[in-house]
Amino acid sequence: MSSDLDVFVGNTTLIDEEVYRLWLDGHSVAEAVARRLRGGVLEREGTSVAVLQSDTRDHYRTFQMLERLLHAPPRLLQQLLFQIPPERQALLVQRYYAFDEALARELLGKKLSKGTKKELDEVSARTGVGIRSCRRQFDNFKRVFKAVEELRGPLAENIQQLFLLPPPLARDYAAIVFGGDSRFETGKRRLQFLTFGEGGACAQSMMGHWSQGALAPEAAEPDGDLPKSFLQDLKELKVLVTDKDLLDQHKSLVCSALRGKISVYNEGGANFKALSRALVNVGGGLTHARDVRDFFVDLVIEPCRSDKWSPGDLRLFLTGGAAAPRNLPGFRHQALWERYMAAITACLLRMYHD
């Protein structure tokens, strides 16, 4: 009995995207084979279970050898052992560093320490993300954090250059690094509505308006920490609520601009004072670590949800409130107020909705 065997030899490393996804999700070889079988691969390819098992094991070995290069993506481009086309290299990197938003939301604001890693079993159960995938994503977050924490310049650009990530993904990682640096408290029950997209967008807005790169690009300082001088300057804004004349004038300007436009206008006096005082006090307290941790509670829960502002009314109030101090005689911090309110407005409108 004889059989024919065709052999093909090449030096291009073949990447099966389906198997790569299964490997990234943390499935074992046996689990991956079972999932491929349920997907009908035998019928499509006209092969046997034995060949499918061998093929899956071979891909897994390749991915395991590639993983050390994926920890530092520029090395993947420089190495010669694996002949992988550039577009495939980009795909490998992007998918390796992609993350589940449910997991990122759990870790937003937390220190990426050994203690946090020990909690990943519970996080996996809550989010439905496999434990192996949780650990890989956690290690990615920590690796990026360590690589950029001392670097000067914009966080997102540094991450993009070091890890060859597409800009949107690099910005998401920058938000995670910034949130971890700031230790935002996002685990409270009252903040369970907050998604990673909302928290991440808020962090990006703060970096975009308040970071050293935004304030003085020529200084090229790290963006992970907000400049102490800027946070100290924000205390000057308290004059808007401590000076009775300025407070009354500000209130009059905003209420006049909003008359007939918002549903809470009849209660505008009380609501204006509560929200205006809260906005000013949030900024004035950012020099204290505790107030930074409570940023989301102090900004969204207390002034907005407690007084039951609608998103539409809030948008009108914020745009009117930010513009009004331009016309306040004796108020010398218009530019500072507008920069501060630009980030606050973006944060509130992204987080506070129906």
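Accessible areas here come from the Shrake-Rupley method with a 1.4 Å probe, and for residues only the protein chains shown count as cover. By that method the chain exposes about 18300 Å², of which carbon and sulfur atoms supply 49%.

This is a predicted model, in which local features need pLDDT of at least 70, side-chain atom pairs count only at pLDDT 80 or more, and totals for chains, interfaces and linings use all residues. Residues are numbered from 1 along each chain as its sequence is written, and side-chain values use heavy atoms, with hydrogens and water left out.

Of the 354 residues in the chain, 45% are buried, meaning under 20% relative accessible area with a 1.4 Å probe, protein chains only.

Now to the rings. Rings of Phe, Tyr and Trp (its six-membered ring) pair if their centres lie within 6.5 Å; planes under 30 degrees apart count as stacked, over 60 as edge-to-face and the rest as tilted. The count by this rule is 18 aromatic pairs. In one of them, the ring centres of Tyr20 and Trp23 lie 5.9 Å apart with planes at 20 degrees, so the pair is stacked. Both Tyr20 and Trp23 are buried. By contrast, Phe178 and Phe184 have ring centres 6.0 Å apart and planes at 55 degrees, so this pair is tilted. Phe178 and Phe184 are buried as well.

Finally, one aromatic cluster includes Tyr20, Trp23, Phe63 and Tyr96 among its members. Over the ring of Tyr96 sits the charged end of Arg136, 5.4 Å from the ring centre; the rule requires NZ of Lys or CZ of Arg within 6 Å of the ring centre and within 35 degrees of the ring normal.

How values were computed. Buried < 20%, exposed > 50% of the residue type's maximum accessible area, 1.4 Å probe, protein only.
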